[in-house]
Amino acid sequence: MNEKVRCLIIGSGPAGYTAAIYASRANLNPVLYEGMQPGGQLTTTTEVENFPGYANGITGPEMMEDLKKQAERFGADIRYGSATASDLSAAPYKITIDGEKTIETDTLIIATGATAKYLGLADEQKYAGMGVSACATCDGFFYRKKRVAVVGGGDTACEEAIYLAGLCEKVFLIVRKPFLRASKIMQERTLNTANIEVLFEHNTLGLFGEKGVEGVHLVKKQGTPEEEKVDINVHGFFLAIGHTPNSGIFKDYLKTDEVGYILTEPDTPRTNIPGVFASGDVADKTYRQAITAAGSGCKAAIEAERYLSEKGL
Ligand code: NDP
């Protein structure tokens, strides 16, 4: 059976929940679908220490539970389920949930986030939350004065390596090619940072450690006559090989950049379709922080409220 709502929010990270708090307080009766990973990327981190207001820090899952409760307190209807298809050709917009049910909505807030890419090694799962991370700003602090490794050769990897170099004793940057792909300035900064050692032409085979990551098994110049196995001792293993924005089901309707990040009007969550807003990491390749996602979720709900009142809906 189909259902019609005024405000549909897809995604349950800080952007989605914040949009739900604002939309429910504005009497938009929002319905929010949590998606495949209720709570979003933050549920995979341990301690969140940089979200304003938590003087003593809070775990990612606890913070997301608090945000959810706060939205429910004002009547947001939060449901299990994932958006699997969209028809944004005309308002009201149609979103399919779990391939079965269709919801029609006057306004749509897309807060589906982005997914960090992993190498696909079994050890990344084995040591999840025990030394493996895809966010240096989130987790770097736990490795103060320790040795860590970052995988990747792009701007993100260089930025993360430089950030970690300010906290850690030593940072290995594991790069599969004989060169960095990052911008010139980031390359120079990376190569000129004394405690960063760039391991060119190295690939990761696996991780080792008893109670958490204690090191990385690498192979140098894989597939060549000079191939050589190398182990490094580190406590943190950071992936920085890119993110994939979760925008696939909207790609026929919304403008995105070449990677898939939804394009919005500068400083607003407005997309190219009136009444459809994008907030959080699905539209942000630059900052990717919980607090910036929450801020853009707030903006999206305010925009939705204004759109509905202008249209008399
Ligand atoms: P990129 O796609 O630019 O770089 C990904 C890096 O990861 C590449 O070095 C790539 O290697 C490597 N990589 C990918 N897959 C694997 C794998 N399986 N094993 C080993 N290495 C792998 O992603 P970024 O996140 O760095 O950047 C995304 C975009 O955002 C870029 O346009 C970047 O310029 C921009 N950005 C800008 C910033 C700024 O201006 N301050 C900061 C951060 C990002 P290879 O080179 O061999 O393909």
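## Burial in helix 6

A residue counts as buried when its relative accessible area is under 20%, and as exposed when that area is over 50%. The model described here is predicted. Helix 6 covers residues 184–191, and its buried residues are Met186, Gln187 and Thr190. Viewed down the axis of helix 6, the buried residues fall within an arc of 105 degrees, so they line one face of the helix.

## A cis peptide bond

Most peptide bonds are trans, and most residues other than glycine have a negative phi. The bond joining Ala91 and Pro92 is cis, with omega at about -10 degrees. Pro92 sits in the loop between strand 6 (83–87) and strand 7 (93–97).

Lys145 is not a glycine, yet its phi is positive, at about 65 degrees. This residue belongs to the loop that runs between helix 4 (136–139) and strand 11 (147–151). The relative accessible area of Lys145 is 70%, so Lys145 is exposed.

Asp267, also a residue other than glycine, has a positive phi near 65 degrees. Its place is the loop between strand 18 (243–245) and strand 19 (276–278). Asp267 has a relative accessibility of 71% and therefore counts as exposed.

Terms used: Residues numbered from 1 in each chain as written. Predicted model: local features only at pLDDT ≥ 70, side-chain atom pairs only at ≥ 80, totals over all residues. Heavy atoms only, no water. Buried < 20%, exposed > 50% of the residue type's maximum accessible area, 1.4 Å probe, protein only. Helix = DSSP H or I, 4+ residues; strand = E, 2+ residues; numbered from the N terminus. Arc of directions from axis to C-beta.
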